[in-house]
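This report describes how the parts of one protein model pack together. The sequence and structure come first, and notes on them follow.

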Amino acid sequence: MATQEAPAGDRAKCAAGLRAAVTILDRWGASGEQAASILRVSRSTHARARRNDPEWRVSLDEDQLTRISLVLNIHAALRVLFENPENLYGFMAMANQHPPFHGQAPLQAIAGGGILSLYDAFRHIDSLRGAQW
């Protein structure tokens, strides 16, 4: 089965979203390997996104776009919870006893647990700000 190439505009939007997610993960203190795992991209794609080249384009699948969305939404929830940049960007690296983290830092949990761990982290953090499902 042949795959269709995404339109240039879609590839530009994918690249912009990926660059934003990579920037957030960098601010959370994620290693390149962790960030690539969380976003399910290759190390080379992660490195290209870090260069922040506005002309760069990339095609991403639905799973990768969902992961980007979850990272952006976790960041948005943290922005509501914390005004202090130390807490805003440091929360993801702090050990957390609450489920779904069970003593791990949220960043550690999402890097090693797949998309469900990323989704669970989002749900937990979003609930802290009083979100209703």
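At what angle do the axes of helix 4 and helix 7 cross, and within what distance do they come?

## Basis

This is a predicted model, in which local features need pLDDT of at least 70 and side-chain atom pairs count only at pLDDT 80 or more, while totals for chains, interfaces and linings use all residues. Residues are numbered from 1 along each chain as its sequence is written, and side-chain values use heavy atoms, with hydrogens and water left out.

## Helix 4 and helix 7

The two axes, lines fitted to C-alpha atoms over the stretch in contact with angles from 0 to 180 degrees between N-to-C directions, come within 9 Å and cross at roughly 25°. Helix 4 and helix 7 are therefore roughly parallel (an angle under 35 degrees). Helices here are DSSP runs of H or I with at least four residues, numbered from the N terminus.

Residues in contact (heavy atoms within 4.5 Å) include Leu70 and Ile74 of helix 4 and Leu118 and Phe122 of helix 7.

## Nonpolar core

The largest nonpolar core has 37 residues, of which Leu18, Trp28 and Leu39 touch the most other members. Such a core is a set of buried Ala, Val, Leu, Ile, Met, Phe, Trp, Tyr and Cys residues joined through side-chain atoms within 4.5 Å; buried means under 20% relative accessible area, with a 1.4 Å probe and protein chains only. Helix 1 gives the largest share of this core, eight residues.

## Loop between helix 5 and helix 6

Proline 100 is found in this loop, and a cis peptide bond with omega about 15° joins proline 99 to proline 100. Histidine 102 lies in the loop between helix 5 and helix 6 as well, and its phi is near 50°, a positive value in a residue other than glycine.

Note on methods: Buried means under 20% relative accessible area, exposed over 50%, partly exposed in between (1.4 Å probe, protein chains only). Helices (H or I, at least four residues) and strands (E, at least two) are DSSP runs, numbered from the N terminus. Angles under 35 degrees count as roughly parallel, over 145 as roughly antiparallel, 65 to 115 as roughly perpendicular and the rest as oblique.
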